[in-house]
Amino acid sequence: ELGTYIKSYALMFEKIGANFPKAETMLEATSKANNANAITVSTETYTELMNEIAGPHVHDYHQAEELMTRHREASKRALSAFVDMANFGSRKAIDDAREKVLLKISKDFEVFRSLNDGRNPLLGLETYLLPLLVAFLSFVLRWLADFTCSSWSQTCRASSELLSHIYMVV
């Protein structure tokens with residue numbers, strides 16, 4: 001029976017083109033697992049700290065400077081957690097894992113910045129401010145034209161009517 005199992009497994013790998021995993025020493029496997037855990041712990045630390053100020057359940061808007069300050073603090077604490085944990089294995093593997101942490105923190109920060117910007121009460125104000133300014137200016141100019149011009153002037157009546165249409169449309 002053992003021979004049948006060996007032949008089945010060999011045929012399976014031959015047919016699907018799968019490769020056996022690369023053989024590693026116990027030290028390499030432990031180092032990889034340690035670095036993977038360090039990455040997870042440090043990115044979770046960063047995420048938890050940033051969720052307090054700009055996470056999906058936060059409703060307040062924070063200025064960009066305050067958000068950046070909290071980002072730096074959370075990054076320092078996350079990297080500190082990484083350094084405390086990633087102390088086993090080759091320097092290159094640890095540095096590669098550190099780069100993964102920094103990349104994940106950078107991507108997460110963009111998400112937190114986007115969430116925070118979405119809470120900005122003044123975001124998109126120019127969309128409303130410019131038309132309101134045009135309407136107000138048209139109203140004032142129409143009132144000024146009606147107050148200063150006489151009713152017999154065709155130009156004054158036409159401009160007053162045009163300004164009236166402008167502030168009514170806007």
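The model is predicted. The mean pLDDT for the protein chain is 85, and 86% of the residues reach at least 70. By element, helix α3, residues 64-85, has the highest mean, at 96. Helix α1, residues 2-16, has the lowest, at 65.

The largest nonpolar core has 19 residues, and the ones that touch the most other members are Tyr-46, Met-50, Leu-67, Phe-82 and Val-101. Helices α2, α3 and α4 each supply at least two residues of this core, and α2 gives the most, with seven. As background, nonpolar side chains in soluble globular proteins tend to be buried together.

What does Phe-82 contact, leaving aside neighbours within four places in sequence? The list is Ala-38, Ile-39, Ser-42, Ile-94, Ala-97, Arg-98 and Val-101. Of these, Val-101 was also named among the core residues touching the most other members.

Now the surface. Leu-130, Leu-133, Val-134, Val-169 and Val-170 make up a nonpolar patch there, with about 490 Å² of accessible area together. Helix α5, residues 125-148, is the main contributor to the patch, with three residues. Leu-133 sits in α5. Its relative accessibility is 53%, so Leu-133 counts as exposed, the cut-off being over 50%.

Last, Leu-27, in helix α2, which spans residues 26-54. Is Leu-27 buried or exposed? Leu-27 is exposed, because its relative accessible area is 52% and the class begins over 50%.

Conventions. Residues are numbered from 1 along each chain as its sequence is written. This is a predicted model: local features need pLDDT of at least 70, side-chain atom pairs count only at pLDDT 80 or more; totals for chains, interfaces and linings use all residues. Side-chain values use heavy atoms; hydrogens and water are left out. Helices (H or I, at least four residues) and strands (E, at least two) are DSSP runs, numbered from the N terminus. Buried means under 20% relative accessible area, exposed over 50%, partly exposed in between (1.4 Å probe, protein chains only). Patches are made of residues with over 30% relative accessible area and no salt bridge: like charges are joined within 9 Å, nonpolar side chains (Val, Leu, Ile, Met, Phe, Trp, Tyr) within 5 Å. Accessible areas come from the Shrake-Rupley method with a 1.4 Å probe; for residues, only the protein chains shown count as cover. A salt bridge is a side-chain nitrogen of Lys or Arg within 4 Å of a carboxyl oxygen of Asp or Glu. pLDDT is the predictor's confidence in each residue, from 0 to 100. A nonpolar core is a set of buried Ala, Val, Leu, Ile, Met, Phe, Trp, Tyr and Cys residues joined through side-chain atoms within 4.5 Å. Contact means heavy atoms within 4.5 Å.
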